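Opening my notebook on this one. I'll jot down what I looked up, entry by entry.

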Amino acid sequence: MVPEAVELVLDHGHEIGCHGYDHSPDRAFDLMDLDEQILELERAKDVIEGVSGRIYDFRAPALRINEYTIRALEETGFTTDSSIASQRFDGPLTFGSKRKLKWLIAPRSPYHPSYDSVVKKGGSKVLEIPISAFVSPYIGTVMRVSPAVLKLIEKIVFFESSKTRKPIVFLFHPNECLDSKPGAVAARRAGNVVEYIFADVIRQRLKVRNLGLHAAELLEGVILRAKKVGGEFMTVREYSRVEG
Ligand SMILES: [Zn+2]
């Protein structure tokens, strides 16, 4: 982590959250038990808070969380999570997609999850603020792979929000604005050939489309369209203070 980068983000009025300590697939949160998740969150929190001051929000790498995550977040002082994409359906194009089928039943508006199931309302103190989705997720990858599909999802989630005041959450990795290194091949992760073709080959090819300056321009389009319909921009902390 580059401390100056964190300061730059804060200087521009954004909020710093936590995306875990390790982004590798074999260290995903849904593979860890409660104690391991607590250790992982404490490790990440210590490093980030050393630079940013107190943090409150979490999003799991690859959105992979399990039944222990909400309790682990509470134990380590987090108050919000944004790792659920309600009604997103990935088919075979992503890892852990069987587990993610549960997303189809997740509430669309922010909710306090139950300790037994992150996709059900319950008594936890953590506020789950779902990533916007309508079958397809409202995220940077879709924006880059198919700007037209993104605009379609956008029309739906903008309309929904105008009726329900539900916040719109667009997921974007800042590193999508960096050019990819040609020839960089991802390590094979899938267990069988079919899974390999879908989840590794196709996915990796799509994921590098429109990176760099193209991604920055497309992102600007997303922001301008939200402004045009009178969207109000706020941090997770600001939102949870008012609505949580
Ligand atoms: Zn990530």
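Predicted model: local features only at pLDDT ≥ 70, side-chain atom pairs only at ≥ 80, totals over all residues.

**Entry 1**

I started at E128, where a polar atom of the side chain sits 3.1 Å from the backbone nitrogen of S83. I count a polar contact as two N or O atoms within 3.5 Å; within protein, one must be able to donate a hydrogen and the other to accept it, and residues adjacent in sequence count only if both atoms are side-chain atoms. The E128 side chain also reaches the backbone nitrogen of I84, at 3.2 Å.

Residues are numbered from 1 along each chain as its sequence is written, and side-chain values use heavy atoms, with hydrogens and water left out.

Buried means under 20% relative accessible area, exposed over 50%, and partly exposed in between (1.4 Å probe, protein chains only). A salt bridge needs a side-chain nitrogen of Lys or Arg within 4 Å of a carboxyl oxygen of Asp or Glu.

**Entry 1: salt bridges**

I searched the whole structure and got 8 salt bridges. K45 pairs with E49, with the closest N and O atoms 3.3 Å apart. The two are 4 residues apart in helix α2, so about one helical turn separates them. K45 is buried at 11%, whereas E49 is partly exposed at 22%. E49 also meets R54 in a salt bridge (3.9 Å, N to O).

Then I checked R225 and E154, whose closest N and O atoms are 2.4 Å apart. R225 is in helix α8 and E154 in helix α6, so this pair ties together parts 71 residues apart in sequence. (Helices are DSSP runs of H or I, at least four residues; strands are runs of E, at least two; both are numbered from the N terminus.)

**Entry 2: the zinc ion**

Which protein donors does the zinc ion have? I noted H19, H23 and H173, each through NE2, at 2.1 to 2.4 Å. Donors are N, O and S atoms within 2.8 Å of the metal (3.2 Å for Na, K and Ca); water is not among the atoms, so sites may look incomplete. H23 and H173 lie 150 residues apart, in two loops.
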